[in-house]
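Trainee: Please take one part of this model and go through it closely. I would like to start with charged side chains and then move on to what surrounds the topic.

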Amino acid sequence: MGSPHTIRRRKPRYSPGVLRLLTFGPPLAGLASLCLSSPSLHAQELGDPLLDARNIGRAGTSTVSGDSGVAIVHNPAGMVRRAQSRLRLGIGIQDADLEYVSTNASSPTLTNRAAPTTLPTLAYHHGLADGRWVLGVILRGGSSTSSLPTPAFGQPADDVERLFPHRYAGTAYESTWRQLALGAAVRLGDSWGLGLSVGLRDLEVREDRRIWAGFAGRDPLLGAERDLALSIVGRDRLNPSGSVGVLYAPLALPLEFAASAEVQAGANLSGGSASLRSTNSSEFPQVEGNSATAQTSWNDRATLRGGLRYLGEQWIVEAGIDMALVQASSEERWQLTGLDVVDESTVRSSLTSAPTLHSERSRMSIRGAVDYEALAGFLWITGGYAWHAPSTAQNKRMPAYAKLGGHRLALGILANHEDYSLSVGYSRGFARTRSIADLDAQQAINPFEAGTGPANAGSYRTTSDQLGFSLEVAW
C-alpha cells in the first residue's frame, strides 16, 4: 500500500518473493476457500461499498488515492501507483442495526437480529519488469442481510398481530454474492495511468415474509389466522461487470485527479424456487403446489466516480463524489408459478407475483478524507466523512430491506515497514429517522384480491459500525 504521500514517486523494487508466499500461502488459501464457498459472507449496504480496511478508515474516499485490491473494481488505474508485485489479505467486520417502529401504537420497536458479518478480500498485483504495466486479480464475497423476529407456528393470532407488525413487509432478506475480477493498468509517461477490469459475480437472493389469504367483510382485516408464510430464492451464477479508470498525477503540481466508471449488468435471478406454507393448524386457507418456481431481474447499474487530492508536506486532503445510476423500472416483482391457494368457500387462486423486498434507485455520495503523517516514513493517521443519499425509494422501504443513506465518520491508521504494510480502519454510519404513512405504504399480498391493508408503514432508522484489518506484502 505504501505511503500515501510518496506513493506516486516510489521507484519499483524487486526481491525474491518465494519465502513470503510460503509464509502467507496457508491463510490465503483458506481465505480463497472461504470466499468461494461460505454462505455467510457479508458486505456493506448499497451506496456504501467499503470492502477494504483503508477504505473503511477513510469513509470510502479512494478514487484518487486507492491502489489496493479494491482499486481493480473501483478505479483500476490506481494500480500503476507502484510497479511492485504485492499480495494483500484483508478482513472486515460489520455490525448493522435496523430499527423499525410500526404505526400500530401497541407494537414494540423491532431491531435487526442478524449477527455481525465478516468481509474477506484477497488480491494480488503483479508488476512487470519495465514498470509500466501492472496486472491484478481480486477475489471477494459478501452479502446484505437482515433478520427480524418471526412468528412461531401456531402462535396466538393476537400476539402475532401485536408483536410482528412487519410480517407482511418482510421478516428476512439476504443477498449473497462472490466476485472474481481481473484488471490491467498502464503508466503513460510520468503523470498518467489508465486501467481496465472485468469481473463475474455469483449472486443468490432469499426473501421471507407472510401474505394474507382472507376476505374482507368475512375475516378480520389482516388477521393472523389467515396468514401464509412465503419464502423465495433466486440465483444468477454469471453476472458480468466491468470498470475503466484514469489517474492524472503531474509531478510539477501538488494535485492529483482521477475518474472511473463501473458497470454492473442487471442480475437475472431465474430458475429460483418459492414455497408457501400454513402458519397454524387450521385446514384453510389451504396451500397446493410442490414445485413452485420464482424469477425476477435487477436493473443495470453504472457507478461514476471522480476525485481530487492535494499533497502537502505532512497533510494530504482528498475529496470525491460517486453517482450510482440505476436503470429506471416500474416493476420490481417476483414472477411465481405453481402456488395455489384454496379457501373453504372453494374459491381457488394462484399466487403469480410478489413485490421484491430489494429495491434500488439512482443516488449520490459525497466523500472526503485527510491523511496525516504522524511518524515520517512509518505511520499515517487518516480520517474521513461521507454523505449518502437513500438508495431505496420512500414508499418501497421494507423493515427487512431499507437503505436510508445518511452520514458516516471514519478513522484509520496505516503503518509501513520495509515491504510490509498494515491498515486498520473503523467507521460508523448514522441515518436520520424516515417515516412512511399508512396512505403511502405498500399493500400486503392477498392472492384472492379480496381486501388488504398497509404492509410497511412506520418509521425506519439504520446505523452501522465497520472495522477492517489488512496486511500487504510487496516484493
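Mentor: Start with D52, which counts as buried because its relative accessibility is 3%, under the 20% cut-off used for that word. Keep in mind that the model is predicted. The partner to look at is R88: its side chain meets that of D52 in a salt bridge, with 2.8 Å from N to O. The two ends come from distant parts of the chain, 36 residues apart. R88 belongs to strand β1 (residues 86–102), while D52 sits in the loop between α1 (18–37) and α2 (53–57). R88 also counts as buried, because its relative accessibility is 5%. Side chains of opposite charge can pair when their charged atoms come close.

This pair is part of something wider. D52 and R88 belong to a network of salt bridges that also links D67, R82, R86 and E472. For the whole model, the count of salt bridges comes to 28.

Two other pairs deserve a look. The side chains of E360 and R301 meet in a salt bridge at 3.1 Å, N to O. E360 is in the loop between β17 (353–355) and β18 (363–375), and R301 is in strand β12 (residues 301–311), so-called distant parts of the chain, 59 residues apart. E360 counts as buried because its relative accessibility is 12%, and R301 counts as buried because its value is 17%.

The other pair is R428 and D465, whose side chains meet in a salt bridge at 2.5 Å, N to O. R428 lies in strand β21 and D465 in strand β23 (residues 458–474), so this bridge ties together parts 37 residues apart in sequence. R428 is partly exposed, because its relative accessible area is 27%.

From charged side chains, turn to nonpolar ones. The largest nonpolar core has 36 residues, and those touching the most other members are L230, L276, L336, L339 and L351. At least two residues of this core come from each of β5 (172–188), β6 (192–212), β7 (227–248), β9 (268–278) and β14 (333–337). β6 gives the most, with 4 residues. To see one member in its setting, take L351: leaving aside residues up to four places away in sequence, L351 touches I211, L230, L276, L336, L339, I445 and P447. There is also a second, separate core of 14 residues, and I72, V73, V134 and A258 are among them.

Last come some points of backbone geometry. Most residues other than glycine have a negative phi, and most peptide bonds are trans. A cis peptide bond joins F284 and P285, with omega about 0 degrees. P285 is found in the loop between β9 and β10 (286–288).

L222 has a positive phi, near 60 degrees, and is not a glycine. The loop between β6 and β7 holds L222, which counts as buried because its relative accessibility is 15%. E418 also has a positive phi, near 50 degrees, in a residue other than glycine. Its loop runs between β20 (406–417) and β21 (420–430). E418 counts as exposed because its relative accessibility is 61%, over the 50% cut-off for that word.

Key:
Residues numbered from 1 in each chain as written. Predicted model: local features only at pLDDT ≥ 70, side-chain atom pairs only at ≥ 80, totals over all residues. Heavy atoms only, no water. Core = buried A, V, L, I, M, F, W, Y, C linked by side-chain atoms within 4.5 Å. Buried < 20%, exposed > 50% of the residue type's maximum accessible area, 1.4 Å probe, protein only. Contact = heavy atoms within 4.5 Å. Salt bridge = Lys/Arg side-chain N within 4 Å of Asp/Glu carboxyl O.
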